[in-house]
Amino acid sequence: MEATMATSRHRLNVFPVTLPPLRERPEDIPPLVHYFVARYRAKIGRKISRVPQETMARLAVYAWPGNVRELENVIERAVILSPGAELEVAPELLPASVPAAPPRSAAPADAVPLALVERDHILSVLRRTNWRVDGPHGAARLLNLHPSTLRSRMQKLGIRRSEEQAS
């Protein structure tokens with residue numbers, strides 16, 4: 001039996017599975033939050049039935065340096081500490097402040113905001129693929145993104161085919 005387990009481990013090492021960090025997948029945060037709330041409310045015996053919008057917004061904008069494990073730990077602690085039916089994430093569990101941006105004068109004069117660069121790049125790839133998002137010749141494949149991730153970024157960046165065709 002040990003030989004079989006060693007072979008299995010070897011096979012897993014042959015095919016690496018990479019997943020972008022949680023901070024690059026904000027669309028994954030709400031389903032994960034709901035999953036962890038359900039899991040820990042059942043385990044602990046709490047009657048938490050809702051996650052307020054402002055709480056979910058705070059969770060979505062946090063950088064999550066510890067990835068999904070950190071999110072799970074924060075939700076577990078919040079479930080334990082929430083007194084009512086709403087999930088309350090205390091400030092000490094999740095810092096509300098984000099690191100301050102450097103002063104404007106510190107940036108080079110020709111610096112372009114990253115979101116604008118990302119938007120322009122996605123638009124150019126979409127034009128090149130004739131606005132095909134999915135499939136072997138789609139923009140998602142060229143950008144090395146899952147099609148749903150590309151659609152989410154397009155929505156976040158305000159990219160719509162109808163406005164592009166109008167110009």
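Modeller: Happy to; we will go through the pocket, the salt bridges and a surface patch in turn. Please keep in mind that this is a predicted model.

Colleague: Let's begin with the pocket. How much space lies in the largest pocket?

Modeller: The general idea is that rolling a probe the size of a water molecule over the atoms shows where empty space is left. Here, the largest pocket holds about 490 Å³ of space.

Colleague: Which residues lie nearest its centre, and which helices supply the lining?

Modeller: The lining has 18 residues, and those nearest the centre are Arg-23, Glu-24, Pro-26, Glu-118 and Lys-156. Helix 3 (53-61), helix 5 and helix 7 (147-156) each supply at least two lining residues. Helix 7 gives the largest share, with 4 residues. By type, the lining divides into 10 nonpolar, 2 polar and 6 charged residues.

Colleague: Now the salt bridges. How many does a search of the whole structure find?

Modeller: Side chains of opposite charge can pair when their charged atoms come close. In this model the search finds 5 salt bridges. One of them joins Glu-118 to Arg-153, with the closest N and O atoms 3.6 Å apart. That pair links distant parts of the chain, as Glu-118 is in helix 5 and Arg-153 is in helix 7, 35 residues apart.

Colleague: What does the pair Arg-50 and Glu-86 tie together?

Modeller: Their side chains meet in a salt bridge at 2.8 Å, N to O. Arg-50 sits in the loop between helix 2 (29-44) and helix 3, and Glu-86 in the loop between helix 4 (67-81) and helix 5, so the pair ties together parts that are 36 residues apart in sequence.

Colleague: And Arg-25, which bridges to Asp-28: is Arg-25 buried or exposed?

Modeller: Arg-25 has 10% relative accessibility, so it counts as buried; the cut-off for buried is under 20%. Asp-28, at 25%, counts as partly exposed. Their closest N and O atoms are 2.7 Å apart.

Colleague: Last, the surface. Which residues form the nonpolar patch?

Modeller: Val-112, Leu-114, Leu-116 and Val-117 form the patch, with about 370 Å² of accessible area together. Val-117 belongs to helix 5 (residues 114-128) and is partly exposed, at 42% relative accessible area. Leu-123 is also placed in helix 5, but with 7% relative accessibility Leu-123 counts as buried.

Terms used
Residues numbered from 1 in each chain as written. Predicted model: local features only at pLDDT ≥ 70, side-chain atom pairs only at ≥ 80, totals over all residues. Heavy atoms only, no water. Patch = residues over 30% accessible without salt bridge, like charges linked within 9 Å, V, L, I, M, F, W, Y side chains within 5 Å. Areas by Shrake-Rupley, 256 points an atom, 1.4 Å probe, with all protein chains shown as cover. Salt bridge = Lys/Arg side-chain N within 4 Å of Asp/Glu carboxyl O. Buried < 20%, exposed > 50% of the residue type's maximum accessible area, 1.4 Å probe, protein only. 1 Å grid on protein atoms, 1.4 Å probe; cavity = no way out; pocket = protein on both sides within 12 Å on 5 of 7 lines; lining within 4 Å. Points joined across faces, edges and corners; volume = space filled by probe spheres on them. Nonpolar A, V, L, I, M, F, W, Y, C, P; charged D, E, K, R; others polar.
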